[in-house]
Amino acid sequence: MCLIKFVIQFSPKELNIFGSILPTRCHIFHVIIVSDDNSAHVHFKNTFAANFTKHKEGTSVRFLKITTALNPRFKNLKCLPKSDRDEVWSMLSGVLKEQHLIAEITEPEPPKKKINLLVVASDSDDENEYASVSCALDCYRAEPVIGMDACFLEWWLKHEGTNESLAHLTHKYLVTPVTTVMFSFFFFFSPPPPPPLPPSRNFFTKRTKELKPGLHSAPGWKLFGKVPPRENFQKDSKIIQQEYEARTGRTCKPAPQATRRKTFEFEPLSTTALILEDRPSNLPAKSIEEALRHRQEYDEMVAEAKKREIKEAHKRKRIMKERFKQEENIASAMVIWINEILPNWEGMRTTRRVRELWWQGLPPSVRGKVWSLAIGNELNITHELYEIFLSRAKERWKSFSETNSENDIEDAGVSVADREASLELIKLDISRTFPSFYIFQKGGPYHDLLHSVLGAYTCYRPDVGYVQGMSFIAAVLILNLEEADAFIAFANLLNKPCQLAFFRVDHSMMLKYFAAFEVFFEENLPKLFLHFKSYSLTPDIYLIDWIFTLYSKSLPLDLACRVWDVFCRDGEEFLFRTGLGILRLYEDILLQMDFIHIAQFLTKLPEDITSEKLFSCIAAIQMQNSNKKWAQVTAPVRPLVPSRGKLVLTLPWSPSPRHR
Amino acid sequence: MAYAYLFKYIIIGDTGVGKSCLLLQFTDKRFQPVHDLTIGVEFGARMITIDGKQIKLQIWDTAGQESFRSITRSYYRGAAGALLVYDITRRDTFNHLTTWLEDARQHSNSNMVIMLIGNKSDLESRREVKKEEGEAFAREHGLIFMETSAKTASNVEEAFINTAKEIYEKIQEGVFDINNEANGIKIGPQHAASNATLTGNQGGQQAGGGCC
């Protein structure tokens, strides 16, 4: 009831904005009973109706109409007489075409070669453009209306891929003016926000293309009068599309631009447009000074919004440009790796040129191959050997399920050296490995594969067994290599001194690594080092997670892969150098935090961390103590390591001032 | 935020019993059916009020796998409370309680309050451990006991808060020496720390993503 009072008292008096009517009305449905017996509703209806009629003729109607049509909640345009609806759509079509023209003028097409790289199907043929406009519009109209509880911004985010041109327009119409708008407080009363989308980390982002039909069983919507049930709300959007295609006799394919990748983010601010209106007739008119002042304020707001829009456009353009450049670099690097380096691996791997190229990040297409070569196979594992251990694991799993896990396996008299018992634990962890990617979930494409690799390893190395954290390493390898090759790389990688020390949870050895890390920490970041010391914040708190999973759990996957690239080049030292790089990157923030905040921050790093920033911080970390290098500092660790991996040491780390 | 006391908690128990989910439910009031597994240790913090006093809980959520025990042991030090969690749908997690308890008793200060938690009480149909068994175990070893569900949030608040009440009572009784930080209790700083904004940022990052 409070809200209604707000709407009625504030809206017409302060700012008289058409655009607020629909969303407000939408909220009203949540708080009052829509019935002519309800005096609150009648009062609301009359006030708004009067207001609405008075301003119907104003110029802003055009804006309102487009805004309404673009809002998937109201796009059936039930608020307008049937005869007027087509006009709105043709108006929108005009706006869309206009947008295309502007886009062509302001955004020159990238050179042909880049287009190929991005697989952009972009015909600049005018007719095609126009056809695509009407197609985009038809597609949008064919989608079902969403419920009043649904968030239209969320809807547009989901449909951005399939209908880019309209989505872009939405940007302008539905989210334009921002917090300066008085009535934005209405929307704090909104229904709870929808659950956040799964974090997109460049890989395997699941994109829901269609809204589940029938999920929001909201009634149809009509501005004033009775509320008819929404006619098509049970219909699947596919069915609607099929019906539409049958009716019009043409296939509605997504607009050609739909494949173009683009960042498209809404600011979840106000939901409507800002339009300057006079006061309603039932209130005293504004004085001239007041009107002038309002006009001026309005102009300022609009100018501000425009400025912001231009800035955004520039930013988008810059990002696009950078991405083109990146893609081009990757493409040319790929050629060098395939044609020059890989055929002469042994001779070239340590050359300065290769090392520098390596630092830039391996092209995804050769990544698995280079990792395999760099990790090596000193354990001489063959594909056949993998099969043997895999079948052993399968046997053990079978017998587990037969004896039922009721009796405790771990206590069933197995010797400590035989950690094959940890086989049972693997299945608990598979779905907890990169849960946001879905692919490792039960029924996901990589679930069984990950299970197999880890199971085979546990049988191959019963002295180590399965230890939590391994699933992340195996998962990253599986994403880049064939199954058996992933296993070979996995087993050899875990055989390196540092990994062996950690996965055997050899506490004393781990402490030595932490101590070595602290030597370089103090050397590189003395202020932060003291800050941590003052809270007795020891490196194990964050390093355990980082080192066990080789950063694949804590960093976005694409970034983690880049860390792995250089880890394959430089060995264990680089893992600790990366850790220092992260601390350096966030040094200023960390210096402001106390124990618990640092601990929380470092065990859950921000997701927006970028590779350029991180790698420039890593590059700035010197792994050469005033008198010692990493290998010397960690020397006490080495002789103790039982099976000493050759590779870490054969990858010579040459301290050059230009370590990039 | 200013607080009267800070209590350090540690959450222990077998892997997959729902330790991180309990923490998330307590600090963020949400449940994540598929959760990243915990490697090493993760952290949570929340302010509660007991007897009109603001108490900050600093919670250490540990990895459950047997292999990590040697690491976990070093985190008992300075904990005032421990939540020892098992899964009522997995008998083996209950069977392991004795070894967990031995570990906890051996590596913590003798006054540490231990709360035994039978988690996943929402999965009644898959129950393998009777509530009475949990109660009996707790009685025998002098622990507080509760069955919780991180999924439905049932008893989650209570589990964390009752543990704090017990610690608070011990302080009142003079059992705990609050000046010795090894007991896991810190007296709040006189000045209000300026960390509120940082907490806000962290929280906003996780809770963000919604609109309208």
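Modeller: Start with burial. Buried means under 20% relative accessible area, exposed over 50%, partly exposed in between (1.4 Å probe, protein chains only). Helices (H or I, at least four residues) and strands (E, at least two) are DSSP runs, numbered from the N terminus.

Biologist: Which residues of α23(A) are buried?

Modeller: Among them are A:Tyr542, A:Trp546 and A:Phe548. In helix α23 (residues 540-548) of chain A, 9 of its 9 residues are buried. A:Leu550 follows α23(A) and has a positive phi, near 50°.

Biologist: What are the ground rules here?

Modeller: This is a predicted model: local features need pLDDT of at least 70, side-chain atom pairs count only at pLDDT 80 or more, and totals for chains, interfaces and linings use all residues. Residues are numbered from 1 along each chain as its sequence is written, chains are lettered from A and ligands numbered from 1 in the order in which they are written, and side-chain values use heavy atoms, with hydrogens and water left out.

Biologist: What pLDDT does chain B average?

Modeller: pLDDT is the predictor's confidence in each residue, from 0 to 100. Chain B averages 87, and 89% of its residues score at least 70. Over residues 191-212 of chain B, pLDDT stays under 50. The model scores ipTM 0.87 and pTM 0.62.

Biologist: How many bridges join β5 to β6 in chain B?

Modeller: Two strands pair if DSSP finds at least two bridges between them. Here 4 bridges join β5 (residues 113-119) to β6 (residues 144-147), and the strands run parallel. B:Met115 has B:Ile144 as its bridge partner in β6(B).

Notes: Contact = heavy atoms within 4.5 Å.
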